[in-house]
Amino acid sequence: MKDLKDLVRPNVWNLKPYSSARDEFHGDASVFLDANENPWNVPYNRYPDPLQWKLKDRLAVLKGVDRSSIFLGNGSDEAIDLVIRAFCEPGLDSVVTISPSYGMYEVAADVNNVECRKVSLDENFDLDADRVLESADEWTKVIFLCSPNNPSGNSLDRGSIYKILKNYEGIVVIDEAYIDFSAYPSFLKELSGFPNLIVLQTLSKAWGAAFWDIRLGMAFASPEIIGVLNKIKYPYNVNQLTQEKALEFLNDEATMKHQVNEILTERNRLEKILSEPPFSYQVYPSDANFLLVNVGKADAMYNGLVKKGIVVRNRSNVQKCRGCLRITIGTPKENDSLLNAMKNMKL
Ligand code: PMP
């Protein structure tokens, strides 16, 4: 890996971050007159912990990483945006990502006027490490990978991911939003071996917390990289309601695991039914909580389902996904409604 100093934008490397009242005082006190808060309306009057240490301490245990290796944000979308802002000089630097994949890497790059180079996955949505490496040049600061990948659902080939980690001198982000549904282990355990690695995870999927007051995304990386992200984040980027509710969820891992198992059972059931007669659709192998299904007349099927009050994601216009719907696995009852509606659909 290049020196971190040579990868981070010079203005970011040199900037002195804003220091909030809650950054400057740590410890016990009974009278807080330091942050220009309203003294009433307790406890909503107080600013939250800017570095969310209580939550990070729990996550450190749960994920087996040091708390200094954790960044928390308003969804992992915040981390995606911050990574681009930390490392990429607008109008000069670039990022490389795969296609098809999660759309926010490109959107965040576009917002920041950073070129996004997209490397196509093959017809099985597999990754060609050499093509990814060849697309990166000296101005490329970040490679975004997503595994299990959205919208294809498959885990990317681990050998190819290692090849990129070993041979690329810049930052490699592995977005593991769907890792809790995967049969493969997380790349979190590789953090100590690869100082250029950033792993993204989220509470929005397996943990069932995408709701507006519990937006929590996680980035795991070396303490030095986490330090850079902390420097440029908004001071109070994760509100107290989220911090408390997230802690509640994280203290009940059993429920999450139970729900994930149910989802996996349902995923297998749907995969089997949709790939056999009378459907006989091409269903792509999934390591996530959704299935990419080639239904042929995707627009007509999508519109027909909407008329019956069932919304899936039409991915037919996405590269290599012609004819495909992305179907999130619901409850058994919801999945049955979907199957019935699809079976009776006149296209
Ligand atoms: N990464 C991937 C691959 C996703 O599919 C999503 C959400 N669709 C996200 C990140 C964003 O998740 P969050 O809710 O944590 O912002």
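Two strands are taken as paired if DSSP finds at least two bridges between them. The legends below describe close-up views of a predicted model.

**View 1. The open sheet of seven strands.** The strands follow the order β1-β7-β6-β5-β4-β2-β3, and their pairing is mixed. β1 (70-73) and β3 (115-120) are the edge strands, each of which pairs on one side only. From one strand to the next, the twist averages 20 degrees. Helix α8 (residues 158-167) lies across β4 (140-146), β5 (171-175) and β6. The helix runs at about 155 degrees to β5.

**View 2. Strand β7 and its partners, β1 and β6.** Strand β6 (residues 197-202) pairs with strand β7 (residues 217-220) in the antiparallel sense, over four bridges. In this pairing V199 stands opposite F220 of β7. β1 and β7 are also paired in the antiparallel sense, again over four bridges, and here G73 stands opposite G217 of β7. Both faces of β7 are covered. G217 and A219 are buried on one side, and M218 and F220 are buried on the other.

**View 3. P223 in helix α9.** Helix α9 spans residues 223-232 and includes P223. I143 is 80 residues away from P223 along the chain, and the C-alpha atoms of the two are separated by 20 Å.

**View 4. The open sheet of four strands.** The order is β8-β9-β11-β10, with antiparallel pairing. At the edges are β8 (282-283) and β10 (313-314), each pairing on one side only. β8 and strand β9 (residues 290-294) run antiparallel and are joined by two bridges. Q282 stands opposite N294 in β9. Helix α11 packs on this sheet and touches β8, β9 and β11 (324-328). The direction of α11 makes about 5 degrees with that of β9. Helix α12 (residues 298-307) packs on the sheet as well, touching β10 and β11. The direction of α12 makes about 35 degrees with that of β11.

**View 5. The largest nonpolar core.** In soluble globular proteins, nonpolar side chains tend to be buried together. The largest core in this model has 77 residues. L127, L145, I164, L165, L274, L305 and M342 are those with the most contacts inside it. Helix α11 (residues 253-275) contributes the largest share, five residues. Which residues does L305 touch, not counting residues up to four places away in sequence? L305 touches I310, V312, L325, L338, A341, M342 and M345. Another core, of 33 residues, lies apart from the largest one. Among its members are L4, I171, I225 and I232.

**View 6. The largest cavity.** How many cavities of 30 Å³ or more does a search of the whole structure find? The search finds one. The largest cavity has a volume of about 70 Å³. Its lining consists of 13 residues. Of these, S147, R158, I179, P185 and F187 lie nearest the centre of the cavity.

How values were computed
Residues are numbered from 1 along each chain as its sequence is written. Side-chain values use heavy atoms; hydrogens and water are left out. A nonpolar core is a set of buried Ala, Val, Leu, Ile, Met, Phe, Trp, Tyr and Cys residues joined through side-chain atoms within 4.5 Å. Buried means under 20% relative accessible area, exposed over 50%, partly exposed in between (1.4 Å probe, protein chains only). Contact means heavy atoms within 4.5 Å. Axes are lines fitted to C-alpha atoms, for helices over the stretch in contact, and angles run from 0 to 180 degrees between N-to-C directions. On a 1 Å grid over the protein atoms alone, a cavity is a set of points where a 1.4 Å probe fits but cannot get out, and a pocket is an open set with protein on both sides within 12 Å along at least five of seven lines; lining residues have an atom within 4 Å of a point. Grid points are joined across faces, edges and corners, and a volume is the space filled by probe spheres set on the points.
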